[in-house]
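Please look over the sequence and structure shown here before reading on.

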Amino acid sequence: VVNSWNIGINRAHASSLKIVVMTDEEAIGHGSGNLFHYYDQFFVVTAAHVVDQNLEYVLQEQGGNTISCRVIYRDLGNDIAIIKPYGEFEETISSPYLVNAQRSLTAQELYYSGFPGDLGHVIMRGFAADSDRHRIVMQSFAWPGSSGSSVFDAAGRVVGIVTSIPLV
């Protein structure tokens, strides 16, 4: 039995990828992202601060399979980037790119899945503490390495990207 409440959890988990920063065939860092499809095109959405167009990256699936890729779009102002994968995915299931267009998500349960630190693949749940059409403040944990994970609502629609906020 599948209830509608877990669609967001399932999509967050199934589409999650580790974005590994490479130099000279050596990993020097990582972030997270999610695989989406729009018709027959596949792409990964992440945060712009996770990628730099001057570095090399590979996409790593939960089981360790790696796929080459290229950054094709990067918007630092909105902290969003799009990566084009080049290869076949063995485990990762792309999610349809559906965007939640509601004006306010305040008090709704939200989900993301990523690869923080050395923890491996984790799923996080939180609540929208505040939101408008331009930002969401999600009450949840987010360790370094979670950045770039797509945040899903309960219906499996994308509502945002995990990024950091400055503390003053």
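What is the bridge partner of G114 in β9? The bridge partner is V122. This is a predicted model, in which local features need pLDDT of at least 70 and side-chain atom pairs count only at pLDDT 80 or more, while totals for chains, interfaces and linings use all residues. Residues are numbered from 1 along each chain as its sequence is written, and side-chain values use heavy atoms, with hydrogens and water left out.

**Open sheet**

Strands, like helices, are DSSP runs numbered from the N terminus (strands E, at least two residues; helices H or I, at least four). Two strands pair if DSSP finds at least two bridges between them. β8 and β9, the latter covering residues 122–131, run antiparallel and are joined by 6 bridges. Both belong to an open sheet of 5 strands in the order β10-β9-β8-β11-β12, with antiparallel pairing. At its edges lie β10 and β12, each of which pairs on one side only. From one strand to the next the twist averages 40°, where axes are lines fitted to C-alpha atoms (for helices over the stretch in contact) and angles run from 0 to 180 degrees between N-to-C directions.

**Strand β4 and its partners**

Buried means under 20% relative accessible area, exposed over 50%, and partly exposed in between (1.4 Å probe, protein chains only). Strand β1 (residues 16–23) runs antiparallel to β4, with 5 bridges joining them; V21 stands opposite Y57. β4 also pairs with strand β5 (residues 66–75) in the antiparallel sense, over 3 bridges, and Q60 has T66 in β5 as its bridge partner. The hairpin of β4 and β5 has 5 residues between the strands, and G64 in the turn has a positive phi of about 105°.

**Aromatic pairs**

Rings of Phe, Tyr and Trp (its six-membered ring) pair if their centres lie within 6.5 Å; planes under 30 degrees apart count as stacked, over 60 as edge-to-face and the rest as tilted. The structure holds 5 aromatic pairs, including the two tabulated here.

| Pair | Centre to centre | Between planes | Class |
|---|---|---|---|
| Y38 and Y39 | 4.8 Å | 85° | edge-to-face |
| F43 and Y97 | 5.7 Å | 65° | edge-to-face |

Y38 counts as exposed because its relative accessibility is 52%, and Y39 does so at 70%. F43 is buried, with a relative accessible area of 15%, while Y97 is partly exposed at 32%. F43 in strand β3 (residues 41–46) and Y97 in the loop between β7 (95–96) and β8 are 54 residues apart, so this pair links distant parts of the chain. F36, F43, Y97 and F152 form one aromatic cluster.

**Largest pocket**

The largest pocket has a volume of about 1,200 Å³. On a 1 Å grid over the protein atoms alone, a pocket is an open set of points where a 1.4 Å probe fits, with protein on both sides within 12 Å along at least five of seven lines; lining residues have an atom within 4 Å of a point. Grid points are joined across faces, edges and corners, and the volume is the space filled by probe spheres set on the points. Of the 36 lining residues, R135, I136, V159, G160 and I161 are the closest to the centre of the largest pocket. β12 gives the most to this lining, with 4 residues.
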